[in-house]
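Colleague: I have a model open and would like to learn how to read it. Can we go through it feature by feature?

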Protein chains: 2
Amino acid sequence: MAIRAADSIFETLIDEIMAGQMVPGEPLVEQTLAEQFGVSRTPVREALHRLEQACLAERGARRAFVVRRMAPEDLEELFEATGEIESTLAALAAKRMSEIKRRKLETVLDEGDACDDPAAYSEINSRFHEIIKSGARNSILASTLDELNLRTLAWRAANFREDSRRLASSRVEHRGITQAILSQDAASARRQMCSHVASSYIVLSDILARRSPDRGGPEF
Amino acid sequence: MAIRAADSIFETLIDEIMAGQMVPGEPLVEQTLAEQFGVSRTPVREALHRLEQACLAERGARRAFVVRRMAPEDLEELFEATGEIESTLAALAAKRMSEIKRRKLETVLDEGDACDDPAAYSEINSRFHEIIKSGARNSILASTLDELNLRTLAWRAANFREDSRRLASSRVEHRGITQAILSQDAASARRQMCSHVASSYIVLSDILARRSPDRGGPEF
DNA sequence: TAGCTTTCTATTGTATACATGTCACTGCAA
DNA sequence: TTGCAGTGACATGTATACAATAGAAAGCTA
């Protein structure tokens, strides 16, 4: 029982959703998954319930689980919530980030400036946000952000990859946030982080609108 | 299957924790609970896993579930997180609360001023916060706050009841928050809500410190 | 007696069978 | 053709038996 079947199934399903292999609306049937994973329904069942609690699965027809769909309003709320929480973390980080972490933040910022490869930049980008998250020293808010990001990333995976045009403006925004944190300006850090998250959302929803301009009420 | 056994057990356990009937550290054994509820282990098991995810239960000796204990640091983080989220909701409410809700908020404020009974005031107090929460129009942040409040209230239930001396100052703070929201001053609403939550935490931790002044690292 | 190993038991993890509910589909009647 | 009731299948909900693990306690050895 070193590693529980239910845990690994849960992780695997998340990974598959993240990789875009499981698209929203796709059915998640206990029996079928049990056969695929070579276990009984019991651990699968637990994994599905956890997915539901993480808002990555929902109930479809006949009470069956399906990969969660998101309406545009939901998405808007999700990005707003993500932005607000990460802004709060940025504000807290500005007040109490350690000297070591401040230096790390600067280092990562420079690495980002020197980087042109979108894939590598994406990794640097997540390190940037990771430092701020841990620098805020509030594990509850940090895990709340993680949960929201899970949902955000799942949605992105199902819809499209990051737009490379965002890279340049993202760099500028990172610089602004970093300066605010380093000068311990909590209000400015909050404001800039909020618009940073918001602008990435605007780009995404923009792409989406162009992809399906005629649909009345699209569900993702 | 209209109401699932797992659901009602989950709710019941939460209620018992909230009522202070189950104190932190108390064991939650599947078999025992199953007999008490007159069901099999299966739905109990699901309820316990959900409690764990809600941070109301944790693993004790022999992997057994126990009602979650909280160290002072955890508590501090919890109150900080609660304050930050509710502040965010207050700020959003200041920007976008409907006219109807604004009037409701004023009404509730007046009711609070006219009320001397602590029990009745407690009910008015929760209505006050409820209006702000819904006025922010972000269900994700709202449910996040709900989850955190669950943990906060569970801790309070296990430790002590609300201090009646808080009543007077709470009224003043509510007035300030209301004015900020009505005048659509998001920053002020955020600031005041943050200190409102913080001050209730200060009172509580103060009482606690007096109750056990000599313990090195108390766990609740 | 300290430290290690073994055993033993309480408790959870998993498998499987059966129960139950929901929805779709069919067939009949108006 | 439309509405509705009956029926059936599919998927989850629950019960129960068995497996596995992690501590604790006992015993063994140096």
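Modeller: Start with one residue. At 23% relative accessibility, Cys55(B) is classed as partly exposed. The model is predicted.

Colleague: What cut-offs give that label, partly exposed?

Modeller: Buried means under 20% relative accessible area, exposed means over 50%, and partly exposed is in between. Cys55(B) has 23%, so the label is partly exposed.

Colleague: Where is Cys55(B) found?

Modeller: Look in the loop between α3 (41–53) and β2 of chain B.

Colleague: Which residue other than glycine has a phi near 65°?

Modeller: Take Arg63(B), where phi is positive and near 65°. Arg63(B) sits in the loop between β2 and β3 of chain B. Its relative accessibility is 47%, so Arg63(B) counts as partly exposed.

Colleague: Now the strands. How many bridges join β2(B) to β3 of chain B, and in which direction do they run?

Modeller: There are 3 bridges between β2(B) and β3 (residues 65–67), and the two strands run antiparallel. For a landmark, find Arg59(B); Phe65(B) in β3(B) stands opposite.

Colleague: What is the strand order in the sheet of chain B?

Modeller: The order is β1-β3-β2, in an open sheet of 3 strands with antiparallel pairing. β1 (27–28) and β2 (57–59) of chain B are the edge strands, and each pairs on one side only.

Colleague: Let us turn to chain A. What sheet do its strands form?

Modeller: An open sheet of 3 strands, in the order β1-β3-β2, with antiparallel pairing. β1 (27–28) and β2 (57–59) of chain A each have a single partner strand, so one side of each has no neighbour in the sheet. β2(A) is joined to β3 (residues 65–67) by 3 bridges. One pair to locate is Ala57(A) with its bridge partner Val67(A) in β3(A).

Colleague: Which helix lies across β1, β2 and β3 of chain A?

Modeller: Helix α3 (residues 41–53) does, running at about 95° to β2(A).

Colleague: How many helices and strands does chain A have?

Modeller: Chain A has 9 helices and 3 strands. Along the sequence, they follow α-β-α-α-β-β-α-α-α-α-α-α.

Colleague: What do the totals for chain A look like?

Modeller: Its C-alpha atoms fill a box of roughly 55 × 50 × 30 Å along the principal axes. Of its 220 residues, 48% are buried. The accessible surface is about 10900 Å², with 52% belonging to carbon and sulfur atoms. Next, contacts between residues at least 6 apart in sequence: 74% of these join residues at least 24 apart.

Colleague: How many positive and negative side chains does chain A have?

Modeller: It has 30 positive and 35 negative. The centres of the two sets lie 3 Å apart.

Technical notes: Residues numbered from 1 in each chain as written. Chains lettered and ligands numbered in written order. Predicted model: local features only at pLDDT ≥ 70, side-chain atom pairs only at ≥ 80, totals over all residues. Heavy atoms only, no water. Pairing = 2+ DSSP bridges. Helix = DSSP H or I, 4+ residues; strand = E, 2+ residues; numbered from the N terminus. Contact = heavy atoms within 4.5 Å. Axes fitted to C-alpha atoms, helices over the stretch in contact; angles between N-to-C directions. Buried < 20%, exposed > 50% of the residue type's maximum accessible area, 1.4 Å probe, protein only. Areas by Shrake-Rupley, 256 points an atom, 1.4 Å probe, with all protein chains shown as cover. Lys, Arg positive; Asp, Glu negative; His and termini not counted. Charge placed at Lys NZ, Arg CZ, Asp CG, Glu CD.
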